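Keep the structure open while reading.

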Amino acid sequence: MQNARHIGLRAGISLCAAVAGLIAIPATADAAPVNGAYNGSCGSGYGVVDSIDISGYGRAFLTWNNSNGYNCVVTQKYGANDAGELYTIGAWIERTADHYQEEDRDLYHRYAGPVYANGRGTCINWGGYVEPAPTGSSQYNSHCG
């Protein structure tokens, strides 16, 4: 009789664990930056060195990879959890030394970018745009390396 109780208890625990495993929790990279957290889309080795709010609608992140000398910019829309809705979102970066520039601006669900520029021996101009903000946000001659 005692063995039957233990078997029933184990079966109940196993069933609860199986049901809990069916509940999906979105990964960090897929989640919208409700609190302004960087989503990691520049790749491994990149760490956030600066960020700017875009009129309360989103945030542009400037990251740096010390091993390869590149900066990266990603712009994320706050609270953009509906994968069916598209927003104009943009990210851009420019080297001041030679005016090399990369930009990614299009209709996206959650974020624009990543865009990259070699940051060694130059200052960086960078910024982003998130619909429906009246203007984008940017920084000029920053993070000189």
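## Terms and model

A residue counts as exposed when its relative accessible area is over 50%, and as buried when that area is under 20%. The model is predicted.

## The open sheet

Four strands make up an open sheet, ordered β1-β2-β3-β6, with antiparallel pairing. The edges are β1 (47-54) and β6 (111-118). Each has a single partner strand, so one side of each is left without a neighbour in the sheet. On average, neighbouring strands of this sheet are turned by 15° against each other, direction ignored.

Seven bridges pair β1 with β2 (residues 58-65) in the antiparallel sense. In β2, A60 is the bridge partner of I52.

## T63 in strand β2

Strand β2 also holds T63. T63 is buried, at a relative accessible area of 0%. Leaving aside residues up to four places away in sequence, T63 touches Y38, C42, Y46, G47, V48, V49, Y70, N71 and C72.

Strand β7 (residues 124-130) has seven of its seven residues buried, so it is largely enclosed by the rest of the structure. In a regular strand, side chains alternate between the two faces of the sheet. Both faces of β7 are covered. One side carries I124, W126, G128 and V130, and the other N125, G127 and Y129; all are buried.

β7 pairs with strand β4 (residues 87-95) over seven bridges, in the antiparallel sense. Here R95 stands opposite I124. Four bridges join β7 to strand β8 (residues 137-142), and these two run antiparallel. G127 stands opposite S138 in β8. A hairpin of six residues connects β7 to β8.

## Aromatic pairs

The whole structure contains three aromatic pairs. One of them is Y38 with F61, tilted, at 5.6 Å centre to centre and 55° between the planes. Y38 lies in the loop between α1 (2-22) and β1, and F61 lies in strand β2, so the pair ties together parts 23 residues apart in sequence. F61 is buried, at 3% relative accessibility.

W92 and Y140 form another tilted pair, at 5.9 Å centre to centre and 40° between the planes. This pair links distant parts of the chain: W92 is in strand β4 and Y140 in strand β8, 48 residues apart. W92 is buried, with a relative accessible area of 14%. Y140 has 53% relative accessibility, so it counts as exposed.

## Charges over rings

K77 lies over the face of Y87, 4.4 Å from the ring centre. R105 lies over the face of Y129, 4.3 Å from the ring centre.

Note on methods
Residues are numbered from 1 along each chain as its sequence is written. This is a predicted model: local features need pLDDT of at least 70, side-chain atom pairs count only at pLDDT 80 or more; totals for chains, interfaces and linings use all residues. Side-chain values use heavy atoms; hydrogens and water are left out. Two strands pair if DSSP finds at least two bridges between them. Axes are lines fitted to C-alpha atoms, for helices over the stretch in contact, and angles run from 0 to 180 degrees between N-to-C directions. Buried means under 20% relative accessible area, exposed over 50%, partly exposed in between (1.4 Å probe, protein chains only). Contact means heavy atoms within 4.5 Å. Rings of Phe, Tyr and Trp (its six-membered ring) pair if their centres lie within 6.5 Å; planes under 30 degrees apart count as stacked, over 60 as edge-to-face and the rest as tilted. A charge sits over a ring if NZ of Lys or CZ of Arg is within 6 Å of the ring centre and within 35 degrees of the ring normal.
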